[in-house]
Amino acid sequence: MTAQEVRLCGLLLQEHFGEMVEKVGTHLLKSGAQNLRMILHETGISLDLLKKSLCVLVQHGACVFSSGRKGPGSPTEYRTSCDRILRILRYPRYIYTAKTLYGDTGELIIEELLQRGHMTMSSTVKTVADRLTQNMEDGRSMDYNDVSNSFSNLVETHFLQRCPPPPRAGPKESATPAPPPVPGTPTPPISTSLPTAESFPDCYKVPHVTLIGRGKRPLSSEDVDDQRNAKKAKMDSETHGDEGICWQVNFERFHLHFRDQAIISAVANKLDQTSSEIVRTMLRMSEVTTSPSATCTKPLSANEIFRSLPTNYNIARPILDQYLTLLVDDPMEFVGKAGESGGGMYVVNMHRALANLARATLESVVQERFGSRSARIFRLLLRKRHLEQKQVEDFAMIPAKEAKDMLYSLLSQNLVQLQEVPKTPDYAPSRTFYLYTVNQLPTARMLLQNCYKTVANLIERRLYESKESKRLLEKSQRIEAILASLQASGAEPEQLTEVEEMITAPEKQQLDALRLHINKLDSAENQVDETIFLIESYVNSTTTTS
């Protein structure tokens, strides 16, 4: 965990949960696992606020707790996960993916679960049905069964999963005290491993939920005051059969989908749409049989691929064989051949694909920062591995002075490394080879830290812009609320125009410029996050295979 990651995590926690949660989360990131008393002493926060902050972090999966490491009876310890907090940056992408795959209902289900951390199926279905009903025409409403079906589809495709069971409390925190140990008996080792969602068999088992009805529209203030107590009593007495079974978003499944889409898009850009559809079919066939950390998919025969192609793609079998041969012979090596049986056995090389995508990202970064000639040198060193300065000049066909300046610029930014190979043990410069090289993995890690720094700077800039125009934004929100209430009550057009004129023309112009600027910053955050995801996937894949 680096300083840039801690800084970005702190900004994300502050923006989404407030300063107190940010203070507690950042402290746990820096100090590691600690019990409640140590956190209280070192942060100086009141006990009540500290407990509430920890509850927020636990609710959203950013903090986990387990029995103390000092043996039976030691207090519970809390620790946060940097990776889990950084996923907050990817929330818009999760929601958009759910909308693309499962429509508005899937989008709202994922959005509710991301906003609240985890929920039961019945409460999620009710909330989403009510939100969908609000946007429908009068007299129409959303059926609970339709939302339940979308929820079940998300679970079936593993985009949702049950929350893991909470760890058992230590002897001090359990309801019944543990019996004293027998003298002379060795103390059993304490398990510090936390349960995961995949570690119990009912992870993707949907309970039978008894939900009958349709979504409801929001009540007026008078109706809310009259019905609040009766509604609360009714809700307390209702049971739907899923009490105590909470669900959460399966981020790893979304990441596998993002990885597959990146590979498919790269094949489409490099070759054509038909090739990308063949690779998509191979990835879809391998979803269940291939481990998420595998370097390549399980071998698939050409006959199986031919039968699984979409019906609208009228590709003859000889044409498919030609496309598969083209994919295997392509220098990017997205597809490899694993045998000759069944018309040929083929695999998708996940690790090789991620390595090539990361390499293309590094090359584009060098080109944007240092120009096309520096990118040519960088690409040459990636391909040739080790070259002397004279060889770089000759192969890249760049004048000696310019090549020297470019190499030193890349070297100063740690994008290129210099390796000394002495002819004699004294390391005399006249008897030493100086070879330039590019180490892709360390360079990718460095780019990843730069991306974290970039996103943190973008968030700070966006927060600064919003703070500078806080008064104007609050005024705009108040006027929009007044207009919405007047429109709901059927006000005259003259009244609406009068309220709209409360914002002057210069203020409108300033608001438009501010919104445009903030939208650009948001878009930049999402684009940098795509680069972060590619580099993270490559680094994790390399760590797994090594």
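Predicted model: local features only at pLDDT ≥ 70, side-chain atom pairs only at ≥ 80, totals over all residues.

Student: Okay, so is Gly18 buried, exposed or partly exposed?
Tutor: Gly18 has a relative accessible area of 23%, so it counts as partly exposed.

Student: And where is Gly18 found?
Tutor: In the loop between α1 (3-17) and α2 (19-31).

Student: New topic: aromatic pairs. How many are there in the whole structure?
Tutor: A search finds 11. One of them is Phe65 with Tyr78, a tilted pair with 6.2 Å centre to centre and 50° between the planes.

Student: Which parts does the pair of Phe65 and Tyr78 tie together?
Tutor: Phe65 lies in strand β2 (residues 63-66) and Tyr78 in strand β3 (residues 77-80), so the pair ties together parts 13 residues apart in sequence.

Student: Is Tyr78 buried or exposed?
Tutor: Tyr78 is at 18% relative accessibility, so it counts as buried. Phe65, at 28%, is partly exposed.

Student: What about Tyr91 and Phe251, how are they arranged?
Tutor: That aromatic pair is stacked, with 6.4 Å centre to centre and 5° between the planes. It links distant parts of the chain, as Tyr91 is in helix α6 (residues 91-116) and Phe251 is in helix α10 (residues 251-270), 160 residues apart. Tyr91 counts as buried at 11% relative accessibility, and Phe251 counts as buried at 7%.

Student: Which residues do ring pairs link into a cluster?
Tutor: Tyr91, Tyr94, Tyr102, Phe159, Phe251, Phe254, Phe258 and Phe533.

Student: Now helices. How do α19 and α20 pack?
Tutor: Helix α19 (residues 470-488) and helix α20 (residues 493-500) have axes 10 Å apart, at an angle of about 175°. Because of that angle, α19 is roughly antiparallel to α20.

Student: Which residues meet there?
Tutor: From α19, Ile479, Ile482, Leu483, Leu486 and Gln487 meet Leu496, Val499 and Glu500 from α20. By type, the contact has 6 nonpolar residues, 1 polar and 1 charged.

Student: Last one: which residues touch the most other members of the largest nonpolar core?
Tutor: Ile110, Leu160, Ile377 and Leu381, in a core of 92 residues. Apart from that core lies another, of 25 residues, including Leu300 and Tyr323.

Student: What does Leu160 contact, leaving aside neighbours within four places in sequence?
Tutor: Its contacts include Ile109, Leu113, Phe151, Tyr204 and Trp247.

Notes. Residues numbered from 1 in each chain as written. Heavy atoms only, no water. Core = buried A, V, L, I, M, F, W, Y, C linked by side-chain atoms within 4.5 Å. Buried < 20%, exposed > 50% of the residue type's maximum accessible area, 1.4 Å probe, protein only. Contact = heavy atoms within 4.5 Å. Helix = DSSP H or I, 4+ residues; strand = E, 2+ residues; numbered from the N terminus. Axes fitted to C-alpha atoms, helices over the stretch in contact; angles between N-to-C directions. Parallel < 35°, antiparallel > 145°, perpendicular 65-115°, else oblique. Nonpolar A, V, L, I, M, F, W, Y, C, P; charged D, E, K, R; others polar. Phe/Tyr/Trp six-rings, centres within 6.5 Å; stacked < 30°, edge-to-face > 60°.
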